[in-house]
Amino acid sequence: MISVITKYFPDLTERQRAQYESLYGLYADWNAKINVVSRKDFDQLYLRHVLHSLAIAKVCRFEAGARILDVGCGGGFPSVPLAIMFPEAHFTAADSIGKKITVVRGVCEGAGIDNVDARNVRVEQIGEKFDYAVSRAVTEMPAFVKWVRGKIERGRRGTLDNGILYLKGGDLEAELAATRMKWREYAISEFFDEDFFETKKVVYSAV
């Protein structure tokens, strides 16, 4: 099941492999109760959700102690796959919909992921600072920037300066320009060769 992950991340520890392996069964159980992953593509969980989330790990590797905020985490993407990849970093997974946070907490408990703090909260209500903000197409970029800009501290707690790492697809030129920030676009097809990633990107800006 996880061959699509190990294909691109061959140096996983046994613990990481076991945690990734466990995700399918855990999400299947939770999804039967609370639908957070589209049932029509659940069989593509590792490709369309886990590996897609891990595109961020190809762009930036987080240091031990780095603080990452996942805004509108849904069922835990990208924070849960990233938390397995970077067990020494700390992830705060925030979503305003309580049942989604219930799933994140349940999956993390089941997989033995202890570096995710899942919170049923609107991002505007979060008071502390982070090194990076990550998300997967939760809203338009100008709105997202407004939500997180004051929550990211300047510095460098990974292979890129602290900032925003956002998973999105399509033509983003106008949307990014409207933020008045400098963005770098990384085509995920440069990292992963499956057709699913053909138009998908990681966009990054330092704060």
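This is a predicted model: local features need pLDDT of at least 70, side-chain atom pairs count only at pLDDT 80 or more; totals for chains, interfaces and linings use all residues.
Local features were taken at pLDDT of at least 70 and side-chain atom pairs at pLDDT 80 or more, while totals for chains, interfaces and linings use all residues. Residues are numbered from 1 along each chain as its sequence is written, and side-chain values use heavy atoms, without hydrogens and water.

Asn-162 sits in the loop between helix H6 (141–148) and strand E5 (163–169). Helices (H or I, at least four residues) and strands (E, at least two) are DSSP runs, numbered from the N terminus. Asn-162 has a relative accessible area of 2% and is therefore buried (under 20%; exposed is over 50%, partly exposed in between; 1.4 Å probe, protein chains only). Its side chain reaches the backbone nitrogen of Arg-156 at 3.5 Å. Beyond four places in sequence, the contacts of Asn-162 (heavy atoms within 4.5 Å) include Asp-131, Tyr-132, Tyr-204 and Val-207.

Val-207 lies in the segment after strand E7 (200–206). Its relative accessibility is 25%, so Val-207 counts as partly exposed. Besides Asn-162, Val-207 touches Ile-152, Glu-153, Arg-154 and Gly-163, with residues up to four places away not counted. The C-alpha atoms of Val-207 and Glu-153 are 7.7 Å apart, across 54 residues of chain.

Helix H5 (residues 98–111) has 14 residues. From first to last C-alpha, H5 reaches 20 Å, close to the expected 20 Å (1.5 Å times one less than the number of residues). Buried residues of H5 include Ile-101, Val-104 and Cys-108. The buried residues of H5 pack against helix H2 (14–33), helix H4 (79–85), strand E2 (90–95) and strand E3 (116–120). Gly-112 follows H5, with a positive phi near 70 degrees.

Note on methods
A polar contact is a pair of N or O atoms within 3.5 Å; within protein, one must be able to donate a hydrogen and the other to accept it, and residues adjacent in sequence count only if both atoms are side-chain atoms.
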